[in-house]
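Student: Please take one part of this model and go through it closely. I would also like to see how that part ties in with the rest of the chain.

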Amino acid sequence: MGILWSRFKEKREMKKMLSKVGPTTHFARHEAEYWMKIFYQDVPDGKLSEDEFVEYFGNFYINANEGSKKTLARQIFKAFDRNDNGYVSLREYLLAMSTLLRGDTLEKLEWSFILFDLDGDGMVSREDMEGVLLLYNDLRTNKEAGNTDEELAAIVDREFRLIDRAGKGRLGKRQFIDGVSRSYRLLGIMPIR
Ligand SMILES: [Ca+2]
Ligand SMILES: [Ca+2]
């Protein structure tokens, strides 16, 4: 009886949560339910910590450089943890998955601003942008395909200059979204397709 009751309660709680979060995503109800189940399977207490996130992320890239993998995972975690309280909640998880899987380019760029702010100063500098793209490049197992680090750096260097008209060397959120969305070269190397 105890177990049945707690399962019933759990289901009721989940339904309540879903009716709050679901409508703010691009997911149909059954899709939101699917992602919710995945989330609770891995994170029964509903609070995904940074270390757990880094560990899960690492499992997908067994052969990649440990340092790059961890740094990138921590950046992605920051983008997931919208309210910056050290945990990814179900709500934050659903919103991120919805954006990454279903969002349009502008929505994805808005979401990834935090991810690209590598030094966390609230702006995206040329070094930030290059740094994050090189981290992604480190995860690639097939080094034959795609751009080399040098090619990526050259694209960022050139395109960043075009976006950063005032020559400040760093972009605010609006400038980042507008600029990158207008640069097909940058869009071509962004990890948000
Ligand atoms: Ca959070
Ligand atoms: Ca920065």
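**A stretch and its surroundings**

Tutor: Residues 104-139 are 72% helix and 6% strand, with 24 Å between the end C-alpha atoms. Helices (H or I, at least four residues) and strands (E, at least two) are DSSP runs, numbered from the N terminus. The model is predicted: local features need pLDDT of at least 70 and side-chain atom pairs count only at pLDDT 80 or more, while totals for chains, interfaces and linings use all residues. Residues are numbered from 1 along each chain as its sequence is written, with chains lettered from A and ligands numbered from 1 in the order in which they are written.

An unreviewed UniProt entry places the feature "domain: EF-hand" at residues 104-139 and also at 68-103; such annotations may be inferred rather than shown by experiment, and the positions follow the numbering used here, with feature names shortened. Residues 68-103 are 72% helix and 6% strand, and their end C-alpha atoms are 26 Å apart.

The largest nonpolar core has 36 residues, and Tyr-93, Leu-94 and Met-129 have the most contacts inside it. Such a core is a set of buried Ala, Val, Leu, Ile, Met, Phe, Trp, Tyr and Cys residues joined through C-beta atoms within 7 Å. A residue is buried with 20 or more other C-beta atoms within 10 Å of its own, exposed with 12 or fewer, and partly exposed in between, C-beta atoms being placed from the backbone. Elements giving two or more residues to the core include α6, α7 (126-139) and α9, but α5 gives the most, six residues. At least three residues come from each of domain 1 (1-72 + 86-103) and domain 2 (104-193), bounds that come from an automatic or database domain assignment.

Leaving aside neighbours within four places in sequence, Leu-94 is in contact (C-beta atoms, placed from the backbone, within 7 Å) with Val-21, Thr-25, Ala-32, Trp-35 and Met-36.

Helix α9 (residues 173-182) has Phe-176, Ile-177 and Val-180 buried. These cover an arc of only 95° around the axis, which puts them on the same side of α9; the arc is that of the directions from the helix axis to the C-beta atoms. An α-helix has 3.6 residues a turn, so residues three or four places apart point the same way. Exposed Arg-174 and Arg-182 sit on the face of α9 turned away from its buried side. The cover over the buried residues of α9 includes α6 (105-116), β3 (124-125), β4 (170-171) and α10 (184-189).

Terms used
Contact = placed C-beta atoms within 7 Å.
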